[in-house]
Amino acid sequence: MAFHYSRRKLKVREEEEAGELNIVPYLDILMNLIIFMLLSITGLTTFGIINVNAPAYGAPTTGMAQENPDDAPKLTLSVLISKKGHFVSSENAILGEAGTPTIPVKADGAHDFSALNAKMVEIKSAFPKETKVIVGADPDVPYETLTQTLDAIRETQGRERRLLFPDVTLGAI
């Protein structure tokens, strides 16, 4: 004689009373939020990429001071970006009148990147071995202005592109 056991199916109200929750909808929402956040974060990181080098604090030494072979004056070029224009200066002098930008903004209020590039070509011809520049910007300067400034500093414009100052260090004002 065989016994047949059957389990009776619980009704919906009896399942709720037993304390079992259906968490599948909550997991669906959570997974959608995680995927959305991951995709939005990876999309935003591409906007924040600027190719800059870390500052070099000196070459490794052997304990003896090394003399500069050509004893050329140091440039230590810096370019500061403000709403008034570009201030170009070096360790030795400010290239322009004090208090006024070296390359002021145009009449329409836009920055003059071609004049900045011409100034960088002029400085590079005076210091052909120099490759480093420090760039600083006011906090209210748009990101696009910063990137166009970096483009104007790094290489010449036009058909024959030539590197000017590829080693850029971002600084704060």
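Modeller: Helix α4 lies across β1, β2, β4 and β5 and runs at about 150° to β1. Helices (H or I, at least four residues) and strands (E, at least two) are DSSP runs, numbered from the N terminus. Axes are lines fitted to C-alpha atoms, for helices over the stretch in contact, and angles run from 0 to 180 degrees between N-to-C directions. Contact means heavy atoms within 4.5 Å.

This is a predicted model, in which local features need pLDDT of at least 70 and side-chain atom pairs count only at pLDDT 80 or more, while totals for chains, interfaces and linings use all residues. Residues are numbered from 1 along each chain as its sequence is written, and side-chain values use heavy atoms, with hydrogens and water left out.

The sheet is open and has 5 strands in the order β3-β2-β1-β4-β5, with mixed pairing; two strands pair if DSSP finds at least two bridges between them. β3 (103-104) and β5 are at the edges with a single partner strand each, so one side of each has no neighbour in the sheet. Helix α3 also packs on the sheet, where it touches β1, β2 and β3, and its direction makes about 10° with that of β2.

β1 and β2 run antiparallel and are joined by 5 bridges, with Ile81 opposite His86 of β2. Ser89 belongs to β2 (residues 85-89). Its side chain makes a polar contact of 2.8 Å with that of Ser78. Such a contact is a pair of N or O atoms within 3.5 Å; within protein, one must be able to donate a hydrogen and the other to accept it, and residues adjacent in sequence count only if both atoms are side-chain atoms. Ser89 is buried, at 16% relative accessible area; buried means under 20%, exposed over 50% and partly exposed in between (1.4 Å probe, protein chains only).

The largest nonpolar core has 20 residues, of which Met120 and Phe165 touch the most other members. Such a core is a set of buried Ala, Val, Leu, Ile, Met, Phe, Trp, Tyr and Cys residues joined through side-chain atoms within 4.5 Å. Beyond four places away in sequence, Phe165 touches residues including Leu77, Met120, Val133 and Ile153.
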